[in-house]
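Welcome! Here is a friendly walk through some charged pairs, a helix and a surface patch. Take a look at the structure, and then read on.

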Amino acid sequence: MAQHHEELEEAPEPAVALDPETAARRRAALEHVRKFGDPVLRSKARAVDRFDDELRDEIARMGLLMHDAYGIGLAATQVGILHRVLVYRVESDSPVNALVNPEIEWSSKDKEYAEEGCLSLPAVHVDVERPVHVRVTAQDEQGEQILVEASGLEARVIQHEMDHLDGVLILDRTSRDQRKEGMRALRAALEAAEDDAA
């Protein structure tokens, strides 16, 4: 599972060199993602009770943003919206999945550590222990009830994004040493980004 760290929501830079247009689209997408220190990332999202075109547009925008940023998951709080909505796609050729008001109904006793990254925490990769299997109840963008039984990377991505909806970050789920190391990497990445912008 650790080999997926560059795929789990955040990749510092894709392994394949991007053409200038794609690289520019990725940078533009990442500008819309809230970064560590933004209070919205520590906020608890509210349940969605209106399933209308506005919600469907929000989900479509999130899916496009996640795609352009080369992520595999994105929670509404990461784009400054306090809705209990997340999108994810673990295979690049799969359709984007949207979960509205997700709840973990069951999680396995089997757990494993894997390295995770986050679009909101540039350059941070830490080991996080999570259940290997989960069963999640949610609604789709039309408000219909859905049940997702996920394992491995899919289960990990869903749990990571659900954490965002409760204001929990991967730094909260790792060891003290890794948290310190992650904060150092984050400070360096944010400083580099400020220098590039100047």
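R25 forms a salt bridge with E21, and their closest N and O atoms are 3.6 Å apart. This is a predicted model, so please read every value here as computed from that prediction. Both R25 and E21 belong to helix α1 (residues 20-31), where they sit four residues apart, about one turn of the helix. How open to the surroundings are the two partners? R25 is partly exposed, because its relative accessible area of 34% falls between the limits of 20% and 50%. E21 counts as exposed, because its relative accessibility of 57% is over 50%.

Why can such pairs form at all? Side chains of opposite charge can pair when their charged atoms come close. The count for this model comes to 14 salt bridges. Three of them are set out here:

| Pair | Closest N and O atoms |
|---|---|
| R25 and E21 | 3.6 Å |
| R42 and D172 | 2.5 Å |
| R135 and E105 | 2.7 Å |

R42 forms its salt bridge with D172. This pair links distant parts of the chain, since R42 is in the loop between α1 and α2 (53-68) and D172 is in the loop between α3 and α4, 130 residues apart. R42 is partly exposed, with a relative accessible area of 43%, and D172 is partly exposed too, with 37%.

R135 forms a salt bridge with E105. R135 lies in strand β6 (residues 133-139) and E105 in strand β3 (residues 97-107), so the pair ties together parts that are 30 residues apart in sequence. R135 counts as partly exposed at 26% relative accessibility, and E105 is partly exposed with a relative accessible area of 47%.

Salt bridges can also join up: E116, R130, R156, D163 and R173 are linked in a network of them. Among the buried residues of helix α3 are R156 and D163.

Is helix α3 mostly covered or mostly open? It is mostly covered, as 12 of its 14 residues are buried. Helix α3 runs over residues 152-165, and at 1.5 Å a residue it should span 20 Å; its end C-alpha atoms are 21 Å apart, which agrees. After α3 comes G167, whose phi is positive, near 75°.

Finally, turn to the surface. E191, E194, D195 and D196 gather there in a patch of negative charge. One of these residues, E194, lies in helix α4 (residues 176-197). E194 is exposed, with a relative accessible area of 57%.

Key
Residues are numbered from 1 along each chain as its sequence is written. This is a predicted model: local features need pLDDT of at least 70, side-chain atom pairs count only at pLDDT 80 or more; totals for chains, interfaces and linings use all residues. Side-chain values use heavy atoms; hydrogens and water are left out. Helices (H or I, at least four residues) and strands (E, at least two) are DSSP runs, numbered from the N terminus. The expected span of a helix is 1.5 Å times one less than its number of residues. Buried means under 20% relative accessible area, exposed over 50%, partly exposed in between (1.4 Å probe, protein chains only). Patches are made of residues with over 30% relative accessible area and no salt bridge: like charges are joined within 9 Å, nonpolar side chains (Val, Leu, Ile, Met, Phe, Trp, Tyr) within 5 Å. Accessible areas come from the Shrake-Rupley method with a 1.4 Å probe; for residues, only the protein chains shown count as cover. A salt bridge is a side-chain nitrogen of Lys or Arg within 4 Å of a carboxyl oxygen of Asp or Glu. Lys and Arg count as positive and Asp and Glu as negative; His and the chain ends are not counted. The place of a charge is taken as NZ of Lys, CZ of Arg, CG of Asp or CD of Glu.
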